[in-house]
Amino acid sequence: MTAQPHDHETAPVPERTPKAVRAALAPADRETFEEEFRAAMATAADDLDLAPVYTCLDYWRRLAVLKASGAYDRIARDAEQVSEQAAHGQPPPSRPWREVLAGLGADV
């Protein structure tokens with residue numbers, strides 16, 4: 001695993017509607033989204049509170065963007081490498097936070 005900054009690709013952010021979020025998802029994720037969205041709608045109807053619906057949409061919306069940009073796969077690969085290193089008693093490579101933040105364009 002490298003701790004070097006990556007070129008960040010951007011993916012379009014879908015509108016905060018169920019149709020837009022579903023359309024932005026990979027086909028493999030759509031069924032799970034629909035199940036979770038329907039469960040959130042049922043909870044919202046029972047509780048008269050739309051918060052579960054917005055939480056569901058926001059989660060899947062972010063996931064769609066992460067997967068479309070390739071960030072999700074990079075994060076998953078990095079996590080796998082860290083887990084492998086930890087399983088073998090090796091600490092993962094690290095960098096100071098200031099360096100990480102500077103690599104992301106944050107003014108530190």
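So, Ser-69: a polar atom of the side chain sits 3.1 Å from the backbone oxygen of Leu-66. That's a polar contact, meaning N or O atoms within 3.5 Å, one able to donate a hydrogen and the other to accept it; residues adjacent in sequence count only if both atoms are side-chain atoms.

Quick caveat: this is a predicted model, where local features need pLDDT of at least 70, side-chain atom pairs need 80 or more, and totals for chains, interfaces and linings use all residues. Numbering runs from 1 along each chain, and side-chain values use heavy atoms, without hydrogens or water.

Ser-69 belongs to helix H3; helices here are DSSP runs of H or I, at least four residues, numbered from the N terminus. Is Ser-69 buried or exposed? Buried, because its relative accessible area is 7%, and buried means under 20%, exposed over 50%, partly exposed in between, using a 1.4 Å probe and protein chains only. Its C-alpha is 8.8 Å from that of Pro-12, 57 residues away along the chain.

Now the inside. The largest nonpolar core has 12 residues, among them Val-21, Leu-25, Phe-33 and Trp-60. Such a core joins buried Ala, Val, Leu, Ile, Met, Phe, Trp, Tyr and Cys through side-chain atoms within 4.5 Å. Helices H2 (27-47) and H3 (51-69) each give two or more residues to this core, and H3 gives the most, six.

Leaving aside neighbours within four places in sequence, Leu-25 is in contact (heavy atoms within 4.5 Å) with Arg-30, Phe-33, Trp-60 and Ala-64.

Last stop, Tyr-72, in helix H4 (residues 71-87). Tyr-72 counts as partly exposed because its relative accessible area is 35%.
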